[in-house]
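Please look over the structure below before reading on.

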Amino acid sequence: MNKTWLIIKREYLTRVRNRTFILSTFLTPIFFAGLIGIIVFITIKNTDKEKVAIIDNSGVFKKQIDSVKSIQLILNPEVDTINYEKKGYSAVLYGPHTGINNTDKWTMYSRKSLAISAEASLEEKIKKGLENNMLMERYHVDNSNIDSVREASSKIEFDQKRLGAGANAQNGNSLVAYGLGYGAGFLIYITLFIYGAMVMRGVMEEKTNRIAEVIISSVKPFELMMGKIIGIGAVGLTQFFMWIVLITAFSAIIGAFIPHDLLIQVNEANKSIPGGQMNMQGNEAMIGLLKATNTFSSVNWWLIVGCFLFYFLFGYLFYASLFAAVGSSVNEDPQDAQSLMFPITMPLILAIVIMINAITHPDSSLATWSSIIPFFSPIVMMARIPFGVPGTVPYWQLGLSMLLLVIGFLVTTWISAKIYRTGILLYGKKATWKEMWKWAFRNS
Amino acid sequence: MPLLQVSHLRKFYATQKAVDDISFSIEPGTIFGLLGPNGAGKTTLLRMVTGIFFPDEGEITFEGKKFNPEEDAVRIGYMPEERGLYKKMKIGEQAMYLAQLKGLSKADAFEKIKEWFTKFEMQTWWNKKIEDLSKGMQQKLQFVITVLHEPKLIILDEPFSGLDPVNSNLIKEEIYKLAKKGCTIIFSTHRMEQVEEICDQIILVNKGRKILDGTVNAVKQQHKENLFHIGLNSSPPITISDAFDITDREDNGLVVKIKDGYNTNDVLQHFIQQQIGIKEFHEILPSINDIFIKLVEGTAVTRQFQTVE
C-alpha cells in the first residue's frame with residue numbers, strides 16, 4: 001500500500017507540475033468566460049446601425065416604420081438605387097408599385113450584405129406591414145387596434161413550473177436543463193477520452209522504456225497499474241476542482257459587475273438613439289437576464305456537481321483500466337494502439353449518440369436503460385440528471401446506475417489487471433484479442 | 001548455506017519451453033555467470049529469480065527460505081537487459097523514487113544516492129533529465145539505481161553492453177568490491193571474455209536446459225582436449241611419436257595432442273632425445289568461448305517454435 005502511494009504520488013506530481021496541465025487548467029475557464037463576455041458585449045454594444053432607405057411605392061408601411069435590430073429604417077422616396085450612397089444610406093429597399101394584394105418581391109439594393117439577423121427581422125417587418133395593411137383595408141380594422149392586440153399577445157410569458165417531490169413547485173426551464181445536460185454529458189465524454197488515453201500512453205511509455213521491468217521487480221503489477229490509474233484520476237479531479245473554483249469566482253465577479261454595466265449601456269444607448277426604441281429592447285434584455293439568473297439559481301447545483309464528480313470518477317475508473325490493458329498489449333506502434341482501442345472507444349461513441357437522443361427525450365426507454373448500463377451510464381445519466389432528479393430520473397434509477405457502475409468498475413479492473421500483468425512484460429508483436437482473452441480468463 | 005538455490009525450475013510459454021528443468025545453487029559472495037545463446041531462456045530464468053514471473057514448476061530458495069517475491073524484493077537488485085527510465089523525469093527524483101519503491105526511507109535514499117553519485121562523479125546530474133544523457137551515462141545511472149539499496153543479490157542482465165572501456169572498468173571494479181563485501185552477483189551475458197575475467201562460477205543454458213555448471217577452472221579442466229603448446233629454439237622438425245599427434249605448426253613451435261595412455265613427460269622426453277631445445281611448454285586450456293561454441297554448435301542456432309503439451 002505504501003508503494004502504491006509512492007506510485008500515485010509520482011504519477012500525480014509529474015503531471016500536475018507539467019506546463020500543459022497548468023495552462024489548460026487556468027486558461028480554459030478564462031477562455032470560456034472571455035467567450036461569453038465577448039458575446040454579451042457584442043449583443044449589448046451593437047449600436048453600429050446601418051441606414052436603409054425604403055421606397056414604399058405601395059404604402060405598406062403607412063409612412064411609419066420601426067427600426068429593427070442593428071438597422072435604421074427610413075422612409076425616403078427621394079432616394080434611388082443610384083444616389084443612395086451619396087445620401088448616406090448603405091442600402092435601398094425597393095417595394096413594388098402594385099396594389100396591396102400583390103405579393104411581389106421586395107428587392108434590396110446594396111454593396112454589402114446585411115447581417116442575417118437583420119435580414120430576418122427586416123423580412124418580418126415587411127410581412128407585418130403587409131398584414132396590417134390587409135387587415136385594415138379588407139376588414140377595416142383600425143391600425144391602433146391591431147397594434148394593441150399584437151402587444152397583448154407578445155406579453156404572454158411561457159413559464160414552466162415543474163412539480164418536484166416536495167410541496168414547492170420548482171421553476172423548470174427545459175432549455176437550461178438541455179444545455180446543462182448536453183454540456184455535462186459532453187464534458188464527461190471528452191474527459192473520459194483524455195484521461196483514459198493518458199493512462200494508456202503512460203502504460204505504453206513504461207512498457208517501451210522497459211522501466212516496467214525495473215518497477216515490477218519491486219512492486220506487483222497490480223499496484224503499478226492502480227497507482228497509475230488513481231494518480232491520473234486525481235489529476236482529473238484536481239482539474240475539475242480548479243475549474244469549479246475558477247468558474248465560481250468568475251461568475252461572482254461577472255455577477256457583481258454585469259447588471260451595473262448593463263444599465264449604463266442601456267442608458268447610453270437610449271441617449272444616442274432617438275425614438276426610445278432601445279429602451280424597450282434594453283428592458284427585455286434585463287428581464288431575460290434576470291430570468292436566466294433565476295433559472296440558474298433554481299438548478300440544484302449540489303446534486304449536479306456531486307453526480308458529475310461521481311460519474312466522472314467511476315466512469316473514468318471503469319474505462320481507465322481497460323485503456324491500461326490496451327496500453328500493456330501494444331508496442332511502439334501507435335497504429336496497433338488505434339486498432340486495439342477501437343472496442344473501447346466504440347461504447348463511448350455509442351454513448352454520445354444515445355446521449356444526443358436522450359437529451360430530447362430524457363424519459364424514453366432508450367435513455368432510461370442506457371443510463372443504467374455501466375458502459376453508457378456516465379455520459380447518458382449526466383445528460384438526464386439536470387432534468388430533475390426525483391422527477392425525470394427516479395431515485396431507484398440513479399441508485400441502480402451508480403451501483404452497477406461501481407460493480408462494473410470492479411469487474412473491468414479485475415479483467416484488465418490480468419491482461420496487464422502478462423502484457424506489460426511481453427515484447428515483440430502486439431497481442432491479439434484471442435490472446436488477451438486467454439490472459440484475462442485463464443486460471444492462475 | 002547457499003544464498004540462492006534453484007531446483008527443477010520450469011516455465012513453458014504457449015510455443016516455447018523457455019526454462020526446462022534447471023537447477024543450480026549459488027554461494028554468498030560469488031560472481032555467477034549465466035551464459036547462453038540468444039533465446040536460451042536466460043531472461044525468463046532471471047525474471048523468475050527476481051519474482052517478476054512465477055515458475056510453472058520447481059522451487060526457489062532464497063537465504064534458506066522459500067522465495068517470497070514481495071518480502072525478498074528488497075534484498076534483490078535487478079537491472080534488466082533493455083534498460084529504461086522515465087525520459088522526462090529528473091534524474092535525482094527518479095533515483096529517489098526507485099530507491100523508495102525498494103523500501104528505503106526518504107532520508108536513507110537521499111544519503112545513498114549522494115554517496116553513489118559522488119563515487120561515480122555524477123553530482124551534476126541531479127536536475128538533468130534522462131533524455132539529456134548518452135546511452136553509456138544512462139547505463140551508469142541504471143547500475144547505481146540497481147545497487148543503491150545494498151541488495152544481497154544483484155542480478156545484472158548484460159551490464160556492459162554499450163559502455164566504453166573506462167566506464168566498463170569502473171563498473172567491473174564496483175562488482176568486485178560488492179562481491180568482496182558479501183554481495184552475490186548474477187550476471188547474464190554472451191560475451192565470454194568477461195566471463196573468464198570476472199566470474200567464479202558459471203552455468204550454460206541452451207534451449208531452456210542447463211548444459212554446464214561449475215567454476216570457470218573446473219569447466220575448463222572438464223573440457224580440455226590434452227592440447228599442449230611447445231616453444232622450440234629452432235623451427236620444428238618433422239617428427240612422429242606414439243605419444244602425441246601434431247595438430248598445428250608454427251614458426252618456432254608446435255601444438256600437440258597427447259594420446260591416451262601417455263603423459264606430458266613422454267612428450268618432453270621425445271624432444272629431448274632428438275636434441276631439440278625446448279623454450280616453453282604449457283597446456284592449452286580451452287577458452288570459455290570455445291567451450292560455448294562446441295556445446296551450442298550442432299544444435300540449431302535459432303530456436304524453433306514448438307508445440308508444448
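## Domains of chain B

The C-alpha centres of domain 1 of chain B and domain 2 of chain B are 45 Å apart, with domain 1 covering 4-221 and domain 2 covering 225-284; such bounds come from an automatic or database domain assignment. This is a predicted model, in which local features need pLDDT of at least 70 and side-chain atom pairs count only at pLDDT 80 or more, while totals for chains, interfaces and linings use all residues. Residues are numbered from 1 along each chain as its sequence is written, and chains are lettered from A and ligands numbered from 1 in the order in which they are written.

Chain B has 10 helices and 14 strands, where helices (H or I, at least four residues) and strands (E, at least two) are DSSP runs numbered from the N terminus.

## Helix H5 of chain B

The 13 residues of helix H5 (residues 135-147) of chain B should span 18 Å at 1.5 Å a residue, and because the end C-alpha atoms are 19 Å apart, the two values agree; the expected span is 1.5 Å times one less than the number of residues.

Among the buried residues of H5(B) are B:Leu141, B:Phe143 and B:Ile145, buried meaning that 20 or more other C-beta atoms, placed from the backbone, lie within 10 Å of a residue's own.

## Where chains A and B touch

In total, 15 residues of chain A are in contact with 19 residues of chain B, contact meaning C-beta atoms, placed from the backbone, within 7 Å. On the chain A side, H6(A) gives the largest share, five residues.

Definitions and conventions
Buried ≥ 20, exposed ≤ 12 C-beta atoms within 10 Å, placed from the backbone. Contact = placed C-beta atoms within 7 Å.
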